[in-house]
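Q: I have a new structure open and would like a quick tour. Can we go through it?

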Amino acid sequence: IRRKKKSVIDHPRVASYAFCFDIDGVILRGPETIPLAPQALKMLNGENKYNIKVPSIFVTNGGGKPEKQRSDDLSARLGVTITPDQIIQGHTPMKDLVNVYENVLVVGGVGNVCRHVAESYGFKNVFTPLDILKWNPAVSPYHDLTEEEQTCAREVDFSKTRIDAILVFADSRNWAADQQIILELLLSKNGVMGTESKTYDEGPEIYFAHSDFIWATNYKLSRYGMGALQVSIAALYREHTGKELKVNRFGKPQKGTFKYANKVLSSWRKGVLDEHLKKLSVDDPDAGDADILITQDGEEIINQAKLEAARDSSEEESEAEDEDAEDGALAVGKKDKITLQLPPASTVYFVGDTPESDIRFANSHDISWHSILVKTGVYQAGTEPKYKPKHLCDNVLEAVEYAIEREH
Ligand code: G3P
Ligand code: MG
């Protein structure tokens with residue numbers, strides 16, 4: 001890869017390193033935006049003394065809304081454009097289950113929102129606990145459906161409908177009813193309400209979007225999260241059956257979510273670089289064509305022959321690197337007829353507030369990930385974090401400044 005003198009390129013160059021942000025406790029606290037977050041994100045968008053743009057994505061265990069709603073909200077709060085392709089919520093990787101299960105019960109979130117999110121992922125028959133309560137309100141004593149809940153619920157005969165999997169998408173808004181329904185299905189024959197298995201091995205699979213026991217909101221102390229519901233359901237199951245519940249987990253710190261995040265980051269980096277190259281060629285009609293190949297764990301080689309050519313040419317050209325070129329940037333010369341192989345990010349800085357999910361996530365799967373713990377969320381300054389970050393700092397802006405200085 002040939003690097004070009006900075007003077008030739010006006011647009012912010014694209015960094016070879018990248019950022020990955022947790023949201024709650026780093027960017028937000030409940031409904032409030034953490035004050036220095038907009039400045040941090042603008043800095044990564046090119047507003048820095050190195051005139052460099054750093055590709056960034058968000059990996060939150062939160063959910064309960066479409067990725068587009070989340071990205072629109074973040075764009076408005078942060079003053080930079082964030083797109084749905086940059087967002088991974090706890091339930092986003094559940095897309096991969098679309099062809100595995102026909103009938104799913106989606107738990108959590110407000111009204112019908114999670115049903116619609118699941119349908120947008122491609123799930124065919126998506127049911128909710130409200131549908132079950134409408135079918136038979138006696139399923140959960142002491143809860144009468146509100147008018148609003150009535151309108152969200154669909155008419156379904158659950159004595160004749162099999163639930164193949166329970167997908168806990170977002171925080172339950174009604175623990176009593178949701179636990180009652182989840183337990184009944186786990187103990188059922190083939191996921192049919194009103195039945196009981198004698199062997200306790202005929203019920204549906206259960207998946208949780210994440211396992212955060214607590215999380216940071218705008219309340220002084222952390223609040224129980226989906227991980228606490230998971231503990232509660234497992235305890236009830238154990239009490240009832242004497243057996244351990246088998247739970248399938250998504251979210252941080254799970255490896256599946258890490259792989260998913262890498263895929264998303266890889267395509268986002270390619271997009272940022274493509275856009276950069278497009279801008280260069282608009283400015284200079286003589287600019288050469290750019291043909292970019294991505295190799296991420298050998299999985300996304302677009303054209304093997306071109307890849308070989310890219311390897312050869314990048315070896316030759318790296319010997320002729322410009323002396324003025326700055327380190328850490330994937331800047332490309334305008335007139336070069338290039339075939340560029342985009343390698344994985346040199347370092348991925350992961351900024352999180354929860355040692356058990358964020359720091360463990362960033363430390364466990366790939367040594368090129370660099371974990372940064374901030375003090376604006378679950379982690380309490382002065383305590384010993386269970387999983388040690390590579391760097392500890394006050395807030396997200398300090399995290400960004402630290403990483404940029406470390407790279408230049
Ligand atoms: O429910 C959301 C919470 O558990 C954590 O969200 O953004 O800190 O991963 P986040
Ligand atoms: Mg967090």
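The chat below covers a sheet, a helix pair and some backbone details.

A: This is a predicted model, where local features need pLDDT of at least 70, side-chain atom pairs count only at pLDDT 80 or more, and totals for chains, interfaces and linings use all residues. Residues are numbered from 1 along each chain as its sequence is written, chains are lettered from A and ligands numbered from 1 in the order in which they are written, and side-chain values use heavy atoms, leaving out hydrogens and water.

Q: OK, what is the strand order in the open sheet of five strands?
A: The order is β9-β8-β10-β11-β14, with parallel pairing. Strands here are DSSP runs of E with at least two residues, helices are runs of H or I with at least four, and both are numbered from the N terminus. Two strands pair if DSSP finds at least two bridges between them.

Q: Which strands are at the edges?
A: β9 (125–127) and β14 (248–249), each of which pairs on one side only.

Q: And how many bridges join β11 to β14?
A: Two bridges join them, and the strands run parallel. In one of these, Y207 has N248 in β14 as its partner.

Q: Which helix lies across β10, β11 and β14?
A: Helix α7 (residues 226–241), running at about 155° to β11. Such angles run from 0 to 180 degrees between N-to-C directions, with axes fitted to C-alpha atoms, for helices over the stretch in contact.

Q: Is N103 buried or exposed?
A: N103, in strand β8, has a relative accessible area of 9%, so it is buried (under 20%; exposed is over 50% and partly exposed in between, with a 1.4 Å probe and protein chains only). Leaving aside neighbours within four places in sequence, N103 is in contact (heavy atoms within 4.5 Å) with residues including N125, F127 and D164.

Q: New topic: at what angle do α1 and α11 pack?
A: Helix α1 (residues 37–44) and helix α11 (residues 396–407) pack at about 25°, with axes 7 Å apart. They are therefore roughly parallel (under 35 degrees; over 145 is roughly antiparallel, 65 to 115 roughly perpendicular and the rest oblique).

Q: Which residues meet there?
A: A37, Q39, A40, M43 and L44 in α1 meet V396, L397, V400, E401 and I404 in α11.

Q: Where is the cis peptide bond?
A: Between K252 and P253, with omega about 10°. P253 is in the loop between β14 and α8 (255–283).
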